[in-house]
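Here is a short report on one protein chain. Keep the structure in view as you read.

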Amino acid sequence: MGHLSDKDRRAYSKLRERQILMDVDSHRLNLSAGVILVACSDGDQLPDIFNNISHSFEGQRPSARIHTIALNGGALLLPANSPLVTSHREDEVLLEHIRVARELKGIDTIALYTHAPCGAGGMAGLTLEQEIDLLLSAKSRIKTELPDAKVACFCHIDRGDGKRTYFVSRSRWILMNMYPDSPGMWNIQGQ
């Protein structure tokens, strides 16, 4: 099992402080038909991710309905410019599996996950912030390919002393990158 680097610990604190990594508000994600979960296959993290999203179904369905698609790197494979994609075109494989899952299962809600530390991301030299950027790029690609899909991004953090899943706010991420020296710009409502 890996550990967050000092740099990623500082990034994690900053992303929490600026509310880019937000507490999960499960009722905001429509899970009435189920969810397509795109995550890394990391056996040390996937069980916790799966357990967490299972609890999000409470009040929406009598039981969880999770169609899981997992490869090393998970959603980080989806962006066309991902350093994790090899000549095997994992991005196209994931997109095809998402398309087929939507058709077979009638599920339009897609939950994209990254986690830190991520072995695949680490092998590619990615920082936590680069992983978040790739995750949000993955959302953009899915919305381009499947415009009627509902897509939400999440980041699972293993701090070593505990694990926690966060919703990733795209709008706050954009603001932080547009106005890196203006913390007041991040005080926006919504996500």
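A salt bridge is a side-chain nitrogen of Lys or Arg within 4 Å of a carboxyl oxygen of Asp or Glu. Side chains of opposite charge can pair when their charged atoms come close. This model is predicted: local features need pLDDT of at least 70, side-chain atom pairs count only at pLDDT 80 or more, and totals for chains, interfaces and linings use all residues. Residues are numbered from 1 along each chain as its sequence is written, and side-chain values use heavy atoms, with hydrogens and water left out.

## Salt bridges

How many salt bridges does the structure hold? There are eleven.

Salt bridges with shared partners link Arg89, Asp91, Glu92 and Arg141 into one network.

Now take the pairs in turn. Helices here are DSSP runs of H or I with at least four residues, strands are runs of E with at least two, and both are numbered from the N terminus. Both Asp91 and Arg141 are buried. Buried means under 20% relative accessible area, exposed means over 50%, and partly exposed lies in between (1.4 Å probe, protein chains only).

Arg99 and Glu96 are three residues apart in helix H3, which puts about one helical turn between them. Arg99 is partly exposed, at 27% relative accessibility. Glu96 is partly exposed too, at 40%.

Asp161 is exposed, with a relative accessible area of 67%.

## Helix H3

Helix H3 runs over residues 90-105. Its 16 residues should span 22 Å at 1.5 Å a residue, and its end C-alpha atoms are 22 Å apart, which agrees. The expected span is 1.5 Å times one less than the number of residues.

Which residues of H3 are buried? They are Glu90, Asp91, Leu94, Leu95, Ile98, Ala101 and Arg102. Seen down the axis of H3, these residues fall within an arc of 140°, so they line one face of the helix. The arc is taken from the directions between the helix axis and the C-beta atoms. An α-helix has 3.6 residues a turn, so residues three or four places apart point the same way.

The cover over the buried residues of H3 includes strand E2 (35-39), strand E3 (66-70), E4 and H5. On the other side of H3, Glu103 and Leu104 are exposed. Just after H3, Gly106 takes a positive phi of about 65°.

## Helix H1 and Asp8

Helix H1 covers residues 6-17, and Asp8 is found in it. The twelve residues of H1 should span 16 Å at 1.5 Å a residue; the end C-alpha atoms are 17 Å apart, which agrees. Asp8, Ala11, Tyr12 and Leu15 are buried in H1. Down the axis of H1, the buried residues fall within an arc of 105°, so they line one face of the helix. They pack against several elements, including strand E1 (21-23), helix H5 (128-145) and helix H6 (170-178). The face turned away from the buried side carries the exposed residues Asp6, Arg10 and Glu17.

Asp8 counts as buried because its relative accessibility is 11%. Yet Asp8 has no salt bridge: the nearest side chain of opposite charge, Lys7, is 6.8 Å away. For charge, Lys and Arg count as positive and Asp and Glu as negative, while His and the chain ends are not counted. What does Asp8 touch, not counting residues up to four places away in sequence? It touches Thr127 and Leu128. Contact means heavy atoms within 4.5 Å. A polar atom of the Asp8 side chain lies 2.8 Å from the backbone nitrogen of Leu128.

Thr109 belongs to strand E4 (residues 109-116). Thr109 counts as buried, at 5% relative accessibility. The Thr109 side chain reaches the backbone oxygen of Asn30 at 2.8 Å.

Cys118 is found in the loop between E4 and helix H4 (119-123). Cys118 is buried, with a relative accessible area of 6%. Beyond its neighbours within four places in sequence, Cys118 is in contact with Cys40, Gly73 and Glu131. Cys118 and His3 are 115 residues apart in sequence, and their C-alpha atoms are 9.1 Å apart in space.

Definitions and conventions:
A polar contact is a pair of N or O atoms within 3.5 Å; within protein, one must be able to donate a hydrogen and the other to accept it, and residues adjacent in sequence count only if both atoms are side-chain atoms.
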